[in-house]
Amino acid sequence: MENETKARTEVYEIGYLMVPSIAEENLGAEVTAFKDLLTSHGVTFISDEYPRMMELAYEMSRSIMNKKQKFSYGYFGWVKFEVSTDHTVAIKEMMDKNEIFIRYLMVKTVRENTMSQKRAYKADGPRRKPAHTKTDAEQAPIDEEAVDKEIDALVLE
Amino acid sequence: MKQDYFSSNNIKHIDYKDIELLKRFLSPAAKMMARRRTSVTAKNQRKVAEAVKRARFMGLLPYVAK
């Protein structure tokens, strides 16, 4: 039983902020290197989002090459993967040592997409529109009668 | 009485990256709204609080609005 609990795998997600000094053309190589490091820890990738440059909500500082640096921008990306619980400490150590990351956050998550579907709320809007068309349809027979009367009037003339 | 936003929109997971969703539960000063204002269940309020704190750590949301 103990061996089974030790070999347990969980789904994790690492959200990371990369230093903005990386050039856009080198970003792909940095991401690939990061993913290769994760692969060396035996992870199975589930999904990810390529990092994109964003303005941070507040200024952050990080010690790089024994020098404290301040950042207002960073590349934010995330990767979701499945890994054995034994490897999580090693992955965190690897992330701490890597100086291309300003910050990272490793959390337990679920396999399916956790982002809310924004369209779900808006989907209610168009559904109400057919209700208006129904009232138009109800008015249609009245229009037909009016048309018939007009035709009769024309025929009498 | 106002219903829980998450159950009415069938949202099962509250992600810290979903900042547009989280902003609904913040005041203009970027403080978390109380449960009596958000009208979400206690369980979901705790999830919102967790997600907001994670988003703040990652610089996606401010601790205090300027």
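Biologist: How confident is the predictor in chain A on average?

Modeller: In chain A, 79% of the residues score at least 70. The average pLDDT of chain A is 84.

Biologist: Over which residues of chain A does pLDDT stay under 50?

Modeller: Where pLDDT is low, the predicted coordinates should not be read in detail. In the stretch in question, the model has three contacts beyond four places in sequence. The stretch of chain A is residues 120-128.

Biologist: What pattern do the helices and strands of chain A follow along the sequence?

Modeller: Chain A has five helices and four strands. Read along the sequence, their pattern is α-β-α-β-β-α-β-α-α.

Biologist: In what order do the four strands of chain A stand in the open sheet?

Modeller: Follow the pairs. Strand 2 pairs with strand 3 over 14 bridges. Strand 3 pairs with strand 1 over ten bridges, and strand 1 pairs with strand 4 over seven bridges. The pairing is antiparallel, and the order is 2-3-1-4.

Biologist: Which strands of chain A stand at the edges of that sheet?

Modeller: An edge strand here has a single partner strand, so one side of it is left without a neighbour in the sheet. In chain A, this applies to strand 2 and strand 4.

Biologist: By what angle are neighbouring strands of this sheet turned against each other on average?

Modeller: Direction is ignored for this angle. On average, neighbouring strands are turned by 20°.

Biologist: Why is strand 1 of chain A largely enclosed by the rest of the structure?

Modeller: A residue counts as buried if 20 or more other C-beta atoms lie within 10 Å of its own. Strand 1 of chain A is largely enclosed because, of its ten residues, the number buried is seven.

Biologist: Which helix of chain A packs on the sheet and touches strand 1, strand 3 and strand 4?

Modeller: Its direction makes about 165° with that of strand 4 of chain A. The helix spans residues 88-97 of chain A, and it is helix 3.

Biologist: Are A:Met65 and A:Asn66 buried or exposed?

Modeller: A:Met65 is found in the loop between strand 2 and strand 3 of chain A, and A:Asn66 lies in that loop too. Phi is near 50° for A:Met65 and near 60° for A:Asn66, positive values in residues other than glycine. A:Met65 has 6 and A:Asn66 has 5, so the two are exposed.

Biologist: How many residues does the largest nonpolar core have?

Modeller: In soluble globular proteins, nonpolar side chains tend to be buried together. Here A:Leu17, B:Leu22, B:Val48, B:Ala51 and B:Ala55 have the most contacts inside the core. Elements of chain A and chain B each supply at least two of its residues, among them strand 1 of chain A and helix 4 (42-57) of chain B. The number of residues in the core is 33.

Biologist: Which strand of chain A gives the most to the side that touches chain B?

Modeller: At this interface, 16 residues of chain A are in contact with 16 residues of chain B. Strand 1, strand 2, strand 4 and helix 4 of chain A give two or more residues to that side. By class, the side of chain A has twelve nonpolar, three polar and one charged residues. With four residues, the strand that gives the most is strand 2.

Terms used:
Residues are numbered from 1 along each chain as its sequence is written. Chains are lettered from A and ligands numbered from 1 in the order in which they are written. This is a predicted model: local features need pLDDT of at least 70, side-chain atom pairs count only at pLDDT 80 or more; totals for chains, interfaces and linings use all residues. Two residues are in contact if their C-beta atoms, placed from the backbone, lie within 7 Å. Ala, Val, Leu, Ile, Met, Phe, Trp, Tyr, Cys and Pro count as nonpolar, Asp, Glu, Lys and Arg as charged, and the others, Gly among them, as polar. pLDDT is the predictor's confidence in each residue, from 0 to 100. A residue is buried if 20 or more other C-beta atoms lie within 10 Å of its own, exposed if 12 or fewer, and partly exposed in between; C-beta atoms are placed from the backbone. Two strands pair if DSSP finds at least two bridges between them. Axes are lines fitted to C-alpha atoms, for helices over the stretch in contact, and angles run from 0 to 180 degrees between N-to-C directions. A nonpolar core is a set of buried Ala, Val, Leu, Ile, Met, Phe, Trp, Tyr and Cys residues joined through C-beta atoms within 7 Å.
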